[in-house]
Amino acid sequence: MGAPEVYSSSDESLPEDYACPLTLARMKEPTMLVASGITYEGAALRDALARRPGVDPLTNASFEGPPILAPNLTLRNAILARRDKRAAKWAEIGVDDDGAAAVDGAAARATAADATA
């Protein structure tokens, strides 16, 4: 498995909404903090709330009571659909999901035979 896909403002490959505002990595478990309506990576949000209970980790706004977290299924489905579409495109052009070119076994054997001849 490769490194997490990280978003930067100069990188158009990852829509900004798919990246956690805390980790800047593509979210696998998009989770909304209901008090603010902001979606974060679930683990990052839980860690931030454990360190600073009652405070939104992005806005620093305080909220009353225990945090209410809700899975953002719409965003999760969009992220999965994009991942599946990209995987299909990579397979179509012969590249695996780590970006390495797939090598046809017969072509590799022929190339190796040519090199030894």
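This is a predicted model: local features need pLDDT of at least 70, side-chain atom pairs count only at pLDDT 80 or more; totals for chains, interfaces and linings use all residues.
## Salt bridges

Side chains of opposite charge can pair when their charged atoms come close. In this model the count comes to 2 salt bridges.

One of them joins the side chains of R46 and E29, with a nitrogen-to-oxygen distance of 3.1 Å. This pair links distant parts of the chain: R46 lies in helix α1, which covers residues 42-51, while E29 belongs to the segment before β1 (30-33), and the two are 17 residues apart. R46 is partly exposed, with a relative accessible area of 38%. E29 is also partly exposed, at 35%.

A salt bridge is also formed by the side chains of D84 and R83, again with 3.1 Å from N to O. D84 has a relative accessible area of 43% and is therefore classed as partly exposed. R83 is likewise partly exposed, with a value of 42%.

## The segment before β1

K28 is found in the segment before β1. Its relative accessibility is 53%, so K28 counts as exposed, the cut-off for that class being over 50%.

K28 can also be placed relative to L80, which is 52 residues away along the chain. The C-alpha atoms of K28 and L80 are separated by 8.6 Å.

## Helix α2: length and end

Helix α2 comprises 21 residues, 73-93. At 1.5 Å a residue, the helix should span 30 Å. The C-alpha atoms at its ends are 30 Å apart, which agrees with that expectation.

Just after α2 comes G94, which takes a positive phi of about 80°.

Within α2, the residues L75, I79 and R82 are buried. These residues cover an arc of only 65° around the axis, and therefore they lie on the same side of α2. The buried residues of α2 pack against β1 and against β2, the latter being residues 38-41.

The face of α2 turned away from its buried side carries exposed residues. These are L73, T74, K85, A91 and E92.

Key. Residues are numbered from 1 along each chain as its sequence is written. Side-chain values use heavy atoms; hydrogens and water are left out. A salt bridge is a side-chain nitrogen of Lys or Arg within 4 Å of a carboxyl oxygen of Asp or Glu. Helices (H or I, at least four residues) and strands (E, at least two) are DSSP runs, numbered from the N terminus. Buried means under 20% relative accessible area, exposed over 50%, partly exposed in between (1.4 Å probe, protein chains only). The expected span of a helix is 1.5 Å times one less than its number of residues. The arc is that of the directions from the helix axis to the C-beta atoms. Contact means heavy atoms within 4.5 Å.
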